[in-house]
Amino acid sequence: MGFLKWLTILIFQFYNLFDLSIAQPNFISYACADFNKTEFSPNSAYDTNLNTLLSALSRNMDGDGFYNTSIGQDPDKVSVIAQCRGDMESQICRDCINNATRKILEVCPYKKSAFGYYDECTYSNESIIGTVSLNPLVFIYNTANVSSPDEFMQEDLRTLLESLQIRASEGGKRKFARNTTRGPDFQTIHALVQCTADLSAQDCFNCLRNGYERLPTCPCYGKLAANVLMPSCNFIFQTYPFSNELPGTQAPPQSAPPPPPIRPSPPPPLPSGNFNFFMELLASSSTYNSFSSPL
């Protein structure tokens, strides 16, 4: 498929533990092709096929948090691919996909190519099954710096990401890996990587490598946290723990139950600094505009 003109709208929200939204939450990032062009009409065959797929998408997610399918014939053929982050529980996964199928129609109306990213899941209605899709490449990063950026990025983080790259690519259908390592000044670096389940082991490895290779020139270099997003793979690194345990993880047994706390423990403090973004379109012949909301 040829490269498209992208109008990429990037909406980033600060990771606020107290943010409760009653509507579909905003994507942390989304992209729509040919934003100023209506690519199909309401009540057309394509519109009917798209709504048929979206209405059942969250229910059809498999046990690995992945689903892809197509319906119809060209030019009205619709393909969708949806995947949850590998450490999400099944109900959180379904809720995220349900939000994504509604939000994508709001932010990318009547578009045949659209991508939406949440922290917990990703969605695409462009046919990318079995191919490595790197466009658009988006960096979301904390603006605060680590104390020893070269040691952090080129030694500790690099070693951790490369080990996760191998684990994810060899992980069968659920191409996901997550781990921690010790960084400079006794910091703990937390990282996770994931590829879409349709990729081969080699394609997953190559997709992640492509993202890793852009870190030295990324504005996220030496930052406390970054989320690197591509349609076929993504990875996160940060100096504070992820908010959830891996599914099935249980606390070690205790000989006696602990006394009840007097009051709930406060959440761990978020790191200093704001979140910012940077987008790179890998096709130099393509044009795009980008926007972001205030953090």
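1. Overall make-up. The secondary structure of this protein comes to four helices and 13 strands. Please keep in mind while reading that the model is predicted. Of its 295 residues, 47% count as buried. Among the contacts with a separation of 6 or more, 72% are between residues 24 or more positions apart.

2. The bend in H3. Helix H3 covers residues 149-169 and bends by about 40° at leucine 157. Leucine 157 is also one of the buried residues of this helix.

3. The buried side of H3. Which residues of H3 are buried? They are Phe152, Met153, Asp156, Leu157, Leu160, Leu161, Leu164, Gln165, Ala168 and Ser169. These buried residues pack against strand S8 (176-182), strand S9 (188-195), helix H4 (201-212) and strand S11 (233-238).

4. H3 against H4. Two packed helices are described by the angle between their axes and the distance between the axes. For H3 and H4 the angle is about 155°, and the axes are 8 Å apart. That angle makes H3 roughly antiparallel to H4, since angles over 145 degrees count as such. The crossing of H3 and H4 is right-handed.

5. Who meets whom between H3 and H4. On the H3 side, the residues in the contact are Leu161, Glu162, Gln165, Ile166, Ala168 and Ser169. On the H4 side, they are Ala201, Cys204, Phe205, Leu208, Arg209 and Tyr212. By class, the residues of this contact divide into eight nonpolar, two polar and two charged.

6. H1 against H2. Helix H1 (residues 45-56) and H2 pack at an angle of about 150°, and their axes are 8 Å apart. H1 is therefore roughly antiparallel to H2. Leu50, Asn51 and Leu54 in H1 meet Thr101, Ile104 and Leu105 in H2. The contact of H1 with H2 has four nonpolar, two polar and no charged residues.

7. Threonine 101. Leaving aside neighbours within four places in sequence, threonine 101 is in contact with Leu54 and Leu57. Leucine 57 and threonine 101 are 44 residues apart in sequence, while their C-alpha atoms are 7.7 Å apart in space. Leu54, as noted above, belongs to the H1 side of the contact with H2.

8. Two cis peptide bonds. The bond from aspartate 74 to proline 75 is cis, with omega near 5°. Proline 75 has its place in the loop between strand S3 (66-71) and strand S4 (78-84). Another cis peptide bond joins asparagine 135 and proline 136, with omega about -10°. Proline 136 is found in the loop between strand S6 (121-124) and strand S7 (137-142).

9. Serine 133. The loop between S6 and S7 also holds serine 133. Serine 133 counts as buried because its relative accessible area is 14%, under the 20% cut-off. Its contacts, leaving aside neighbours within four places in sequence, are with Ile128, Met230, Pro231 and Ser232.

10. Asparagine 43 has a positive phi of about 65° although it is not a glycine. Asparagine 43 is found in the loop between strand S2 (29-33) and H1, and it counts as exposed because its relative accessibility is 72%. Tyrosine 110, not a glycine either, has a positive phi of about 60°. Where does tyrosine 110 lie? Tyrosine 110 lies in the loop between H2 and strand S5 (114-117). With a relative accessible area of 34%, tyrosine 110 is partly exposed.

Terms used:
Residues numbered from 1 in each chain as written. Predicted model: local features only at pLDDT ≥ 70, side-chain atom pairs only at ≥ 80, totals over all residues. Heavy atoms only, no water. Bend = angle between axes of the 7 residues up to and from the residue. Helix = DSSP H or I, 4+ residues; strand = E, 2+ residues; numbered from the N terminus. Buried < 20%, exposed > 50% of the residue type's maximum accessible area, 1.4 Å probe, protein only. Contact = heavy atoms within 4.5 Å. Axes fitted to C-alpha atoms, helices over the stretch in contact; angles between N-to-C directions. Parallel < 35°, antiparallel > 145°, perpendicular 65-115°, else oblique. Left-handed = near helix turned anticlockwise from the far one by under 90°. Nonpolar A, V, L, I, M, F, W, Y, C, P; charged D, E, K, R; others polar.
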